[in-house]
Amino acid sequence: MDKKGIEKVVSILAKSNNIVVVTGAGISTEAGVPDFRGENGIYRKLGENRVLSILNINYFNSHPDEFYDFYRQYFTFPKVDPGKAHRVLADMEKKGWIKAVVTQNIDGLHQAAGSRKVVAIHGNAESFVCPGRKCRQVYGVDYLQQFPHSAPTCAKCGSILKPDVVLFGEQIQNYMEASELIMAAKTLIVIGSSLTVYPLAGFVKEFSTFYQDLIIINQGYTQLDHAALVKIDGGHTGDTLEEIYRQLTLLKS
Ligand code: NAD
Ligand code: ZN
């Protein structure tokens, strides 16, 4: 564990009254959901270009059956419980220490851990939405099982359902809310993101040009390591957050 790094983080957080957390796929790996760019991620297995060419709104529109073959294989996340890191963040929110979590994740684990203010900008992998203008029916992931070899269609109007996740070529969800929360924060903690996916990486970059209190907890390099006041790399992220929580509790009591 990075004791010095943790102490620095604790002293920054103890003084801050507006802390926002940004999370990426790396916060969920310890709970059992693989990331994309890490060691076991699909970018390594399949190559980034192949992934980008399929998880793309144009490909979805033109080849829905093939899109869903891929989606079923790589995007049906294992049903797992939130990890320690998710639970500690929920506890920090309850104490009033953190204001919100802005997440790129689509696994719903922050919400399952009890975090209330979660701004999910890439949607939710468990929901499938009918694009029909007058329909907009939403289905759960179990509905997909009725269509093992083709794209699922809406029971009401027959349209092809779209996963409620933001594909490449689409606008993120909750853009204004995410950007305003980040820009208004005094301290930003990035956890488990390589900060390569825009526009979120852009929001963090903009934050870091105006303020100093950027903390990054990530295994491996991120695009903004140079701008961080503290970077914690390595170690078990759940344990690191638990230790930060423990020390902050002592300081604040
Ligand atoms: P990423 O895959 O680009 O980066 C994840 C980072 O987390 C990597 O740098 C990796 O080394 C690091 N990491 C892995 N395990 C870690 C741990 N235990 N502690 C700390 N860091 C760890 O992820 P991203 O930047 O979030 O971008 C990928 C995109 O794919 C996102 O937009 C997201 O929507 C989607 N995605 C989501 C999930 C999920 O919901 N769990 C999983 C895979 C991909
Ligand atoms: Zn419909």
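Before the helices, one convention: a crossing is called right-handed if the near helix is turned clockwise from the far one by less than a right angle, and left-handed if anticlockwise. By that convention, α8 passes α9 in a right-handed crossing. Please keep in mind that this is a predicted model.

Helix α8 covers residues 175-184 and helix α9 covers residues 200-210. Their axes lie 9 Å apart, at an angle of about 25 degrees. Angles under 35 degrees count as roughly parallel, so α8 is roughly parallel to α9. On the α8 side the contact is made by Y175, A178, S179, I182 and M183, and on the α9 side by L200, F203, E206, F207 and F210. By type, that contact has 8 nonpolar residues, 1 polar and 1 charged.

Now the salt bridges. The structure holds 11 of them.

Start with D213 and K186, whose side chains meet at 2.8 Å, N to O. D213 is in the loop between α9 and β8, and K186 is in the loop between α8 and β7, so the pair ties together parts 27 residues apart in sequence. D213 is buried, at 12% relative accessible area, while K186 is partly exposed at 39%.

Next, E170 pairs with K162, with the closest N and O atoms 3.2 Å apart. Here K162 counts as buried at 16%, and E170 is partly exposed at 29%.

K231 and D233 form another, at 3.1 Å between the closest N and O atoms. K231 is partly exposed at 22%, and D233 is partly exposed at 43%. Finally, K84, D239 and E242 are joined into one network by salt bridges that share partners.

Technical notes: Residues are numbered from 1 along each chain as its sequence is written. Chains are lettered from A and ligands numbered from 1 in the order in which they are written. This is a predicted model: local features need pLDDT of at least 70, side-chain atom pairs count only at pLDDT 80 or more; totals for chains, interfaces and linings use all residues. Side-chain values use heavy atoms; hydrogens and water are left out. Axes are lines fitted to C-alpha atoms, for helices over the stretch in contact, and angles run from 0 to 180 degrees between N-to-C directions. Helices (H or I, at least four residues) and strands (E, at least two) are DSSP runs, numbered from the N terminus. Angles under 35 degrees count as roughly parallel, over 145 as roughly antiparallel, 65 to 115 as roughly perpendicular and the rest as oblique. Contact means heavy atoms within 4.5 Å. Ala, Val, Leu, Ile, Met, Phe, Trp, Tyr, Cys and Pro count as nonpolar, Asp, Glu, Lys and Arg as charged, and the others, Gly among them, as polar. A salt bridge is a side-chain nitrogen of Lys or Arg within 4 Å of a carboxyl oxygen of Asp or Glu. Buried means under 20% relative accessible area, exposed over 50%, partly exposed in between (1.4 Å probe, protein chains only).
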